[in-house]
Amino acid sequence: MTVADLDIKAQALRTTKEESQFLVVWRRFRKHKLALLGMIIIGLLVSVAVLAPVIAPHDPLQVLMKERNLGPTPQHWLGTDELGRDVLSRLMFAARISLLVGFSVTILGEALGVFIGAIAGYFGGWVDSILTRFLDFMTTLPGLPLLMVLGKVLADVSIPFVSRDYSSVVILVLILTLTGWMGPARLVRGMVLSLKSQDFTEACRALGVSDWRIIMRHMIPNAMAPIIVSATLGVGGNIVVESGLSFLGFGVQLPTPTWGNMLQNVQADMWVAPWKAFYPGLAIFLTSLSFNFMGDGLRDALDPRLKM
Amino acid sequence: MTRYLIRRSLQAVPALLLVSLCVFLMIELGPMDPLAMYEDNPNVSPEDLLRLEERLGLGQPVHIRYGKWLLNLLRGDWGTSNVTWRPAILEITDRLPNTLYLMTASLVATLALAIPLGIVSALKQYSALDYVATAFALMWRSIPIFWFGLLLIIVFHATLKNPFTGNPLFPGAGMYDIRDKGMPGYNAILDYAHHLALPLTMLTLHSAARYMRFMRSSMLEVIHQDYVRTARAKGLSERWVIYRHALKNAAIPLTTIIALDLPMLFGGALYTETMFSWPGMGRLFLQSAERVDYAVLMAIVMINAALIIFFQLAADVAYAYLDPRIRFS
């Protein structure tokens, strides 16, 4: 056997190994039928959101006062709202905002939380006590009420480079991120605390690996399973929070449609057009349910011992 | 133990100061003007506006105003509402009983529903009842509470009619019927219960799902413990094993969860109170936020934060009291 042969063999070995890791997770995930269903629904929702300008039958912002509060018709499959705007088109465009907010809040919040949690857990000592104290303080702030005051306070602020219609979206993402990183931080801090006392960390230190590199290459990757699970469950939760705030008028401002603010005027019109409540709420419910199922499936697939 | 309590209580002081400073600055830095509602009013002259501004101290710099607010608070004065011009604390004490009534009813109903269901679900794991209860809990984990409330109002208030009177089947707003009150034949208990039904359902099903899941997993964990096996092995009756040995231990984590939820009795339910026009704390908070009612807003946030801190401590103490394996360091 030549060296080249060995090299090829080694490469083949490596690829099968890496693939099998992914395959093991995928095989376990696939067994979870509801999780699979959740994944398919999320895939469909994302495609609808991306393709909204192409597949939406009407302009979501077009006002037609003559066609107010219609039930389902051949032109408007899901009817129209109080300004005669097509509900189906608004739902499709709302999916963009709702999913965008859900995904970006989760990604930013998890990143911030992982960063703070890893630093607190790894360095310990006074760094840890300051960060933990800060974490406790953030938890003491009354969540939802605070979000509402913030949303209201910042509602009229204009942000550079963002068009006025979308400034409330950006503000909402920032607010939800700043108030939503505590869970992941606590999770990662705990993981890092136990990881750093293990032998491989000791070995890294003995080899002279820098703290930063140990955190980035060893601590965080080893804590990845619970982070992925909490992020998946988090997307659904964030979409519900966003829609709740927008429903009360404290989140994304009209006319930009989101599933939450589409429900804003439903109660006022409940005698004339009660059906308007159905589809936006169903969209929120289905999305949140899908992410929860997928999170459960991922938890079982990535690490059956995880309890979250 | 005493030292631990004292240390934790002392730690609460800077935390509360920080909360108050944050919220104060947030309201202050925002673009909202508490006097905006008077500016368009033709009956309010510019001189009146200036007088109002002076009375509220709006002309002064932030740190002076915060200092004044804090000093007044230390003297027990929560300030004056700039909407109703009554003391802020009166605004709160007016609404608090209504919220306590709604939230206590919901907590009692939640526990009455969730605890037995969780226990049976755990004891008869994989039975039909367990599947139904778990599916219910999973659904309600994802259903947005405000959407469920909307559906309740639309179905039971706007659509279904009482076949005898032709009125909506359930009232959709308020705590009692203002027209019927004091009329001959008025039954207060029935009227209040009738108005409570929909908001109570909305709140209870949501939290019951959470508590049930919790009770179930807590119970499942306990019944596989060695001491439960020991209790069975020494020949105790199944009833005795479950209620004296398993349930008592499974209920310990539940106590903590309940303690952490208790501040909600004060804070109220934002969505429910708003949708059902319930004159409670949640709605007061929302209205104060909309009308930039400083004093009331600050008072609610501060009392809420203090209660959260207090009940976190209470939960820890309760846990240590119920589970002697836990010791404070």
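Which hand does the crossing of helix 3 of chain A and helix 4 of chain A have? The crossing is left-handed, a term used where the near helix is turned anticlockwise from the far one by less than a right angle, with right-handed used for clockwise. This is a predicted model, in which local features need pLDDT of at least 70 and side-chain atom pairs count only at pLDDT 80 or more, while totals for chains, interfaces and linings use all residues. Residues are numbered from 1 along each chain as its sequence is written, chains are lettered from A and ligands numbered from 1 in the order in which they are written, and side-chain values use heavy atoms, without hydrogens and water.

**Helix 3 with helix 4, chain A**
- Helix 3 (residues 87-123) of chain A packs against helix 4 (residues 125-140) of chain A at an angle of about 140°, and their axes lie 7 Å apart (axes are lines fitted to C-alpha atoms, for helices over the stretch in contact, and angles run from 0 to 180 degrees between N-to-C directions).
- Helix 3 of chain A is therefore oblique to helix 4 of chain A (under 35 degrees is roughly parallel, over 145 roughly antiparallel, 65 to 115 roughly perpendicular, and the rest oblique).
- From helix 3 of chain A, A:I116, A:I119, A:A120 and A:F123 meet A:G125, A:V127, A:D128 and A:L131 of helix 4 of chain A (contact means heavy atoms within 4.5 Å).
- The residues of this contact of helix 3 with helix 4 of chain A comprise six nonpolar, one polar and one charged (Ala, Val, Leu, Ile, Met, Phe, Trp, Tyr, Cys and Pro are nonpolar, Asp, Glu, Lys and Arg charged, and the others, Gly among them, polar).

**Helix 3 with helix 9, chain A**
- Helix 3 of chain A and helix 9 (residues 211-222) of chain A pack at about 115°, with axes 11 Å apart.
- That angle makes helix 3 of chain A roughly perpendicular to helix 9 of chain A.
- The crossing of helix 3 of chain A with helix 9 of chain A is right-handed.
- Residues of helix 3 of chain A in the contact include A:F115 and A:Y122, and those of helix 9 of chain A include A:W212 and A:M219.
- The residues of the contact of helix 3 with helix 9 of chain A divide into 10 nonpolar, no polar and one charged.

**Chain B**
- Chain B has 14 helices and zero strands (DSSP runs, H or I of at least four residues for helices and E of at least two for strands, numbered from the N terminus).
- The C-alpha atoms of chain B fill a box of roughly 85 × 65 × 35 Å along the principal axes.
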